[in-house]
Amino acid sequence: MGKTAHLADFDKEQVAVNLFTFYMIRFRKCEMSETAIIYLSALAIVDCFYLLWVALLDLSLSFLLDHPFWHAYPWCGILTFLEYGSLFSSTWIVVVFTIERYLVLRMTKVKMHFSHSKATVRIILAVVLLCHLVAIPDYWINSVTMFNYTTDGENITLPRCFYENTMFSTLVVWINTFISGGIPFTLIIVFNSLIGYHLTQASKMFTKEQQRIIKGVTTKGMVRRTILLLFTVSFTFVALCLPRFVTYCILRTAYNYPDFNRDDYNLSINVFGDIAIMLQNLNSTTNFLLYCMVSKGFRQELRNLLKPNTRAKELGSHFTQTTMKVFSVTGSKMHRSRDPVDVVHN
């Protein structure tokens, strides 16, 4: 019980870290473009919901509570729907962000369109909505079965939510596997490769001196930092989620027979399968660390937030500048009032 309690506390901390990441990106000046701020803020929020549904409710609290409420109808299907909806949303926000960056680099008209934050917000809302619509069939892949339990010498009947091993459920889960794994991995690798190729070709058009000048321009530097963040987030996503895709495909092909025991950890595939699930869940908790590693602006704002003296100096400097402006305006007015022409008129 102690270990599961610590696990639940850990999941709560990860949700808090994602919320703190959202605050840092959205409300602090981390030297990111407006588009990157919106995409990464949305990713932090969606990852919070994924951790809430999957890690906190479905995994941690299932060990803490003997009879969780989501084992009953209709919560069994609702929780499954929410899990896949948040998983799809997190995945495809990264995919759309990658495609959007490529289109911005290649097409001027697209760049002008995506420069408006309202367009980006609409795109993200459409992605989240479509992902949850696609997840609707997952409501029916589990079924509620009544089981008899003996507690303190008394027999009671309680519902349990189990995966329903039918053709429909198998088909839906295979589709989910490619929607959250195979297709996004392919798109991310392809478009990131195209972005890298485009940047490489573009750099050959300028001399080293011109490249140094370009890097000094604020907008170009911001684009470069955004691309670096995109590469880091997208390739980390592929690295952490690809093992889950591979192990699931193996389980559903080589070990797809009725007598197979998924809880038999003498089989290496079951061990690797659980490790892959852990890595996939870890993907929703690593963004804060990635931003600290890659983004200089994020590190600087975090340092300013955590150091009271730095914040006090910022406020003191702002107060000093404001005071100087006030006295400058006041002194100017007093100087004009002593002008000889004004005295004659008085």
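Q: Rings of Phe, Tyr and Trp, the last taken by its six-membered ring, form an aromatic pair if their centres lie within 6.5 Å. How many aromatic pairs does the structure hold?

A: The structure is a predicted model. A pair of aromatic rings is described by the distance of the centres and the angle of the planes. In this structure, the number of aromatic pairs is 15.

Q: What kind of aromatic pair do Y139 and W140 form?

A: The ring centres of Y139 and W140 are 5.1 Å apart, and their planes stand at 75°. Planes over 60 degrees apart count as edge-to-face. The pair of Y139 and W140 is therefore edge-to-face.

Q: How many residues apart are W174 and Y248, whose rings also pair?

A: The rings of W174 and Y248 have centres 6.0 Å apart and planes at 75°, so this pair is edge-to-face. W174 belongs to helix α6 (residues 167-203), whereas Y248 belongs to helix α8. The pair thus links distant parts of the chain, and the separation is 74 residues.

Q: Which residues form one aromatic cluster together with W174 and Y248?

A: W174 and Y248 have rings that pair edge-to-face. Both residues are also members of one aromatic cluster, and the other members are F178, F185, F237 and F245.

Q: How many salt bridges does a search of the whole structure find?

A: Side chains of opposite charge can pair when their charged atoms come close. The cut-off for a salt bridge is a distance within 4 Å between the side-chain nitrogen and the carboxyl oxygen. Over the whole structure, the number of salt bridges found is three.

Q: How many residues separate E301 and R28, which meet in a salt bridge?

A: The side chains of E301 and R28 meet at 2.9 Å, N to O. E301 lies in helix α11 (residues 296-306), and R28 lies in the loop between α1 (2-27) and α2 (34-64). Both E301 and R28 are buried. The pair links distant parts of the chain, with a separation of 273 residues.

Q: Are E100 and R101 buried or exposed?

A: E100 and R101 form a salt bridge, with the closest N and O atoms 2.8 Å apart. The relative accessibility of E100 is 1%, and that of R101 is 8%. Because the limit for this class is under 20%, E100 counts as buried, and R101 also counts as buried.

Q: How many residues apart in sequence are the parts that D274 and R262 tie together?

A: A salt bridge joins the side chains of D274 and R262 at 3.0 Å, N to O. D274 lies in helix α9 (residues 268-282) and R262 in the loop between α8 (218-251) and α9, so the pair ties together parts whose separation in sequence is 12 residues.

Q: Which side chain of opposite charge is nearest to R252?

A: R252 is located in the loop between α8 and α9. R252 is buried yet has no salt bridge. Leaving aside neighbours within four places in sequence, R252 is in contact with Y163, T170 and W174. The nearest side chain of opposite charge is 11 Å away and belongs to D138.

Q: Which residues does Y73 touch, not counting those up to four places away in sequence?

A: Y73 lies in the loop between α2 and α3 (75-106). With a relative accessible area of 65%, Y73 is exposed. The C-alpha atoms of Y73 and S143 are 8.4 Å apart, although 70 residues separate the two along the chain. The residues that Y73 touches are Y139 and V144.

Q: Where in the protein is confidence lowest?

A: The mean pLDDT of the protein is 76, and 73% of its residues reach 70 or more. Confidence is highest in helix α5 (residues 117-134), at 93. Where pLDDT is low, the predicted coordinates should not be read in detail. Confidence is lowest, at a mean of 37, in helix α13 (residues 340-345).

Conventions. Residues numbered from 1 in each chain as written. Predicted model: local features only at pLDDT ≥ 70, side-chain atom pairs only at ≥ 80, totals over all residues. Heavy atoms only, no water. Helix = DSSP H or I, 4+ residues; strand = E, 2+ residues; numbered from the N terminus. Buried < 20%, exposed > 50% of the residue type's maximum accessible area, 1.4 Å probe, protein only. Phe/Tyr/Trp six-rings, centres within 6.5 Å; stacked < 30°, edge-to-face > 60°. Lys, Arg positive; Asp, Glu negative; His and termini not counted. Contact = heavy atoms within 4.5 Å. pLDDT = per-residue confidence, 0-100.
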